[in-house]
Amino acid sequence: MLQPLTVVLLVASGVLGVLAAHHLLRGRLVDDPLIIVGAVIELALLVQLVVGLTKASAIADGAERATFIAYLFTVLLVIPASVVIAVKEKTQWAMAVVLGGALVVAILVARLQQVWSLNA
């Protein structure tokens with residue numbers, strides 16, 4: 001995997017989390033900056049998917065490879081699902097969903113890097 005891409009994704013997830021926490025504390029709903037940060041994360045996750053799929057054959061253990069590929073696809077769904085829920089939910093708790101989504105993305109990206117570094 002690309003270590004710089006992992007760092008970028010972790011930092012971007014942190015930025016999204018801080019932005020969502022700020023919105024949560026201020027009682028604000030989804031706005032353009034939040035959606036833009038989510039879109040940037042999603043684009044980086046698509047790059048990670050392509051890189052990960054091309055390099056997945058380097059993981060010798062079949063179960064670990066399957067886990068790695070499942071994480072690659074699962075992490076793609078988190079931000080869009082979080083943002084859609086936040087748009088539909090018209091209370092301040094919508095931002096708690098986005099904050100949770102940012103945390104889940106950070107955890108999955110860190111786990112992807114861990115699986116990769118242990119098996120490649």
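## Helices H1 and H2

In this predicted model, the axes of H1 and H2 (lines fitted to C-alpha atoms over the stretch in contact, with angles from 0 to 180 degrees between N-to-C directions) come within 10 Å and cross at roughly 160°. That makes H1 roughly antiparallel to H2, a term for angles over 145 degrees. The crossing is left-handed, meaning that the near helix is turned anticlockwise from the far one by less than a right angle. Helices here are DSSP runs (H or I, at least four residues) numbered from the N terminus.

On the H1 side, the contact (heavy atoms within 4.5 Å) is made by Leu5, Leu9, Ala12, Ser13, Val15, Leu16, Leu19 and Ala20. H2 contributes Pro33, Leu34, Val37, Gly38, Ile41, Ala44, Leu45, Val47 and Gln48. These residues divide into 14 nonpolar, 3 polar and no charged. In this count Ala, Val, Leu, Ile, Met, Phe, Trp, Tyr, Cys and Pro are nonpolar, Asp, Glu, Lys and Arg are charged, and the others, Gly among them, are polar.

Residues are numbered from 1 along each chain as its sequence is written. Local features need pLDDT of at least 70 and side-chain atom pairs count only at pLDDT 80 or more, while totals for chains, interfaces and linings use all residues; side-chain values use heavy atoms, with hydrogens and water left out.

## Helices H2 and H3

The axes of H2 and H3 also come within 10 Å, crossing at roughly 165°. H2 and H3 are therefore roughly antiparallel to each other, and H2 passes H3 in a left-handed crossing.

From H2, the residues that meet H3 are Ile35, Gly38, Ile41, Glu42, Leu45, Leu46, Gln48, Leu49, Gly52 and Leu53. Their counterparts in H3 are Phe68, Ile69, Leu72, Phe73, Val75, Leu76, Ile79, Pro80 and Val83. By class, this contact has 15 nonpolar, 3 polar and 1 charged residues.

## Nonpolar core

The largest nonpolar core has 32 residues, of which Leu16, Ile41 and Phe68 touch the most other members. Such a core is a set of buried Ala, Val, Leu, Ile, Met, Phe, Trp, Tyr and Cys residues joined through side-chain atoms within 4.5 Å, where buried is under 20% relative accessible area with a 1.4 Å probe and protein chains only.

Two or more residues each come from H1 (3-26), H2 (32-55), H3 (62-88) and H4 (94-119). H4 gives the largest share, 10 residues.

## Alanine 106

Alanine 106 is in helix H4. Leaving aside neighbours within four places in sequence, alanine 106 is in contact with Leu10 and Ser13. Alanine 106 and leucine 9 are 97 residues apart in sequence, with 7.3 Å between their C-alpha atoms.

Terms used
Buried means under 20% relative accessible area, exposed over 50%, partly exposed in between (1.4 Å probe, protein chains only). Angles under 35 degrees count as roughly parallel, over 145 as roughly antiparallel, 65 to 115 as roughly perpendicular and the rest as oblique.
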